[in-house]
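Let's take a walk through a protein model together.

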Amino acid sequence: MTNHVYNHSADHDMNATEKEWKGSFGMIPSFILDDENLDEGAKTLYARISMYSSEGRCWASNNHLAEKQKVKTRCIQNWLKQLADSGYIEIEIYEHSKRNI
């Protein structure tokens with residue numbers, strides 16, 4: 001079973017701090033939070049992927065994700081593999097080596 005990631009938007013009045021967040025946030029389902037086989041970084045990466053997703057697809061590059069997570073690209077690759085191996089995301093590689101998570 002493939003789980004898809006989606007954008008989520010707040011449906012309430014935002015205060016000044018929330019407006020600074022630009023209205024986007026990521027979500028981590030409890031079954032991912034509770035998965036002891038995932039590194040904590042993989043769990044937060046899932047939240048970031050959900051934040052960047054549109055219609056269940058995320059087009060962020062590994063370099064961008066690494067910059068935002070403040071880690072090396074290799075960490076992102078490892079965490080993406082953990083998420084994919086666990087069935088939480090599906091990685092598709094398109095022409096010109098573009099990746100779709």
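What you are looking at is a predicted model. How do α3 and α5 lie relative to each other? Their axes come within 9 Å and cross at roughly 85°. That makes α3 roughly perpendicular to α5.

Is Gln82 buried or exposed? Gln82 has a relative accessibility of 19%, so this residue counts as buried, the cut-off being under 20%. Which residues surround Gln82 once its neighbours within four places in sequence are set aside? The contacts are with Asn37, Leu38, Asp39 and Ala42. Take Ala42 as an example of how the chain folds back: 40 residues separate Ala42 from Gln82 in sequence, yet their C-alpha atoms are 7.1 Å apart in space.

Helix α5 has another partner, α4. Two packed helices are described by the angle between their axes and the distance between the axes. For α4 and α5, the angle is about 105° and the axes are 8 Å apart. This pair, too, is described as roughly perpendicular. On the α4 side, the contact is made by Asn62, Asn63, Leu65, Ala66 and Gln69, and on the α5 side by Thr73, Ile76, Gln77, Trp79 and Leu80.

Look at α4 (residues 62-69) by itself for a moment. Its buried residues include Asn62, Leu65, Ala66 and Gln69. Why do these four lie on the same side of α4? They cover an arc of only 100° around the axis, which puts them together on that side.

Next, follow the chain into the loops. Most residues other than glycine have a negative phi, and most peptide bonds are trans. Glu55, in the loop between α3 and α4, has a positive phi near 55°. Glu55 is also exposed, with a relative accessible area of 76%. Lys70, in the loop between α4 and α5, has a positive phi near 60°. Lys70 is exposed as well, at 72% relative accessible area.

Step back to see the whole chain. It holds five helices and four strands, which follow the pattern β-α-β-α-α-α-α-β-β along the sequence. Of the 101 residues, 33% are buried. Among contacts between residues at least 6 apart in sequence, 53% join residues at least 24 apart. The accessible surface is about 7000 Å², and carbon and sulfur atoms account for 49% of that surface.

Finally, how far can you trust each part? The mean pLDDT of the chain is 78, with 70% of residues reaching 70 or more. Confidence is highest in α5, at 96, and lowest in strand β1 (residues 8-9), at a mean of 34. Over residues 1-14, pLDDT stays under 50. Where pLDDT is low, the predicted coordinates should not be read in detail.

Notes: Residues numbered from 1 in each chain as written. Predicted model: local features only at pLDDT ≥ 70, side-chain atom pairs only at ≥ 80, totals over all residues. Heavy atoms only, no water. Buried < 20%, exposed > 50% of the residue type's maximum accessible area, 1.4 Å probe, protein only. Contact = heavy atoms within 4.5 Å. Helix = DSSP H or I, 4+ residues; strand = E, 2+ residues; numbered from the N terminus. Arc of directions from axis to C-beta. pLDDT = per-residue confidence, 0-100. Areas by Shrake-Rupley, 256 points an atom, 1.4 Å probe, with all protein chains shown as cover. Axes fitted to C-alpha atoms, helices over the stretch in contact; angles between N-to-C directions. Parallel < 35°, antiparallel > 145°, perpendicular 65-115°, else oblique.
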